[in-house]
Amino acid sequence: MYKVAAIGGDGIGPEIVDAGKVVLDAAGEKYGFDIDWTDFDIGGADRYLETGELLTEEDLKALDAFKSIYFGSIGDDRVRPGILEKGILLGLRFHFDQYINLRPVRMLAGTRTPPLAGKGPDDINFLVVRENTEDFYVGIGSRFKGKEHRDLEVIRDIYSIKFGLDVESDSEEIAYQIGVISREGSARVMEYAFDAAMKRNHKVASVDKANVLSDVYGLWRDVFTETAARYPEVTTEFTFVDAITMWFVKNPPEWFDVVVAPPNMFGDIITDLGAMIQGGLGLAPPGGNINPKGTSLFEPIHGSAPKYKGMNRANPPIATIWAGSLLLDDLGEPEAAAGVLAAIEQSIAAKQTTVDLGGSLGTREAGAWIADAVRNG
Ligand code: NAD
Ligand code: IPM
Ligand code: MN
C-alpha cells in the first residue's frame, strides 16, 4: 500500500489530477499494489481568497508523512501572478528540498503531427535535469527608491546564506533580485544528471549563460568540470542558453541525451520549448520534483490553463498521467510506470483522446480510456 497525497490546485488542476488518479489506480489493479490517496485542499486561489492562507504549517506537517505528492497546477487570474506560484508550488519544492526537477522530452509513439518535419520518437528523446532550488528562484530581492538596508536570507537543508545589503541609488526607482548558486547545490544535481546519463547514452550537455553571468555560472561550470572528471565514460559539452534553444529546434535534436540546467530559470524556459518540439503542450512532458531521500512531487509542466477550468476538455493523458508514471517509477514500480506510458501511446495512436490531439473525448473519458488500456495491457 502506497500513501500518496493529491493536490489538484487551480484551473484545470483538479480535473487532470482526478483523471490521473483513475489511471494510477488501474495500474495498481494490474500490477498488484494499492494506492491510498489523501486529498489536500491546497487549491491555491479559492482558499487564498477566502482565508489569505497559502501553505500552512499544518499542511506541511501533514504532507511530511508522504513520500509522493501528485500535483495538478497552481495559478489563477484573480490573484496577482506569483503569489500562489511562489507561495504554494515553490513553497513545496523548497520545503521538501526537491532539488531535482526531472523533465523528459520525448516524442511518444503515435504522435500524428510532429512539429519538426521528419522527426519521430526515435529522434526526440532526452532528459532535462533542472536544478530546482537555487538561481534567481531563491526569491530574494527588493524594489525601492533612494536608500535601503535589507537583511536577506536563504535557508536550505544543506546550507544557509545571509546577505546584509546597504543600497543607495539616485535612480527614480530600482529593483534587484539575487541569483544564488552553491557548490553543494550544483554538485548534487550534476551527480544525478551524470548517473542518469550512465543509464542512457553517456552524454551530458550543460546549459548556462556564463558568458555574461560569469560568477554564478562560472561556479557551476567549475563543479561541472570536476564532476565530469569522475565520469570518464560520459561525453560532455557546455552550451549557452540562447544557443541551445536554437539547437533544440535545428537538426539534430537527437544530439541531446541528458541536459543539465543549473539555472533554474533556464531549465524552466527550455522545457516549455522541449514540450513544443516533442508534440506541443497537449503532449507536454511531465515534471518530477525529486528529493531522492525525501518527499517528491509529480506534476505536469504546463500551468492551470484557467480558460478550460471545469470544462472537461483539458488534455489529461500526457502531462498529468505521464507525471503519474514518473511517480510510480519513483515508488519502485517500473513495470507499472512503463504500462501507463504505453497506454498513453495507445490512446494517441487510436485517437481515443481529447480534441487537441484529434480525438473527441472529454478529460474524464480520455483518462478512463487510458485506465482501461492499462488494465488490458
Ligand atoms: P498554461 O500552461 O496554463 O497555458 C498555456 C497555454 O496552453 C494556454 O493556452 C492553455 O489554455 C494551454 N494549455 C495548458 N495546459 C493545457 C492542457 N492540459 N490541455 C490543453 N491546453 C492546455 O500557462 P499560462 O497561461 O502561462 O499560465 C496560467 C497559470 O498557470 C499562471 O497562473 C501560471 O503562473 C501558472 N503556471 C503554473 C504552473 C504549475 O503549477 N506548475 C506551471 C506553469 C504556469
Ligand atoms: C514550472 C512553472 C513554475 C516554475 C512556476 C509556476 C513557479 O513555470 O513548473 O515550469 O517556474 O518553475
Ligand atoms: Mn514553467
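On its own ligand 1 exposes 800 Å², and the protein buries 67% of that; accessible areas come from the Shrake-Rupley method with a 1.4 Å probe, and for residues only the protein chains shown count as cover.

Some ground rules: this is a predicted model, where local features need pLDDT of at least 70 and side-chain atom pairs count only at pLDDT 80 or more, while totals for chains, interfaces and linings use all residues. Residues are numbered from 1 along each chain as its sequence is written, chains are lettered from A and ligands numbered from 1 in the order in which they are written, and side-chain values use heavy atoms, with hydrogens and water left out.

Back to the ligands. Ligand 1 is surrounded by 19 residues, and I74, E85, E299, G303 and A305 are the closest; a residue counts as near if one of its heavy atoms lies within 4 Å. Around ligand 2 we find E85, L90, R93, R103, R130, Y137, D268 and E299.

| Side chain | Ligand atom | Distance |
|---|---|---|
| E85 | oxygen of ligand 1 | 2.4 Å |
| E299 | nitrogen of ligand 1 | 3.1 Å |
| R93 | oxygen of ligand 2 | 2.7 Å |
| R103 | oxygen of ligand 2 | 2.9 Å |
| Y137 | oxygen of ligand 2 | 2.5 Å |

Ligand 2 taken alone exposes 320 Å², of which the protein buries 78%.

Now the sheet. It's an open one of 10 strands with mixed pairing, ordered β2-β1-β3-β14-β13-β4-β5-β12-β10-β11. Strands (E, at least two residues) and helices (H or I, at least four) are DSSP runs numbered from the N terminus, and two strands pair if DSSP finds at least two bridges between them. At the edges are β2 and β11 (235–240), each pairing on one side only.

Strand β1 (residues 2–9) pairs with β2 (residues 35–40) in the parallel sense over six bridges, with A5 opposite T38. Between them the chain passes through helix α1 (residues 13–31), and this β-α-β crossover is right-handed: with the strands pointing away from the viewer, the path from the first strand over the helix to the second runs clockwise. Elsewhere, β5 (residues 125–131) and β12 (residues 258–261) run parallel, joined by four bridges, and V128 faces V259 in β12.

Key. A polar contact is a pair of N or O atoms within 3.5 Å; within protein, one must be able to donate a hydrogen and the other to accept it, and residues adjacent in sequence count only if both atoms are side-chain atoms.
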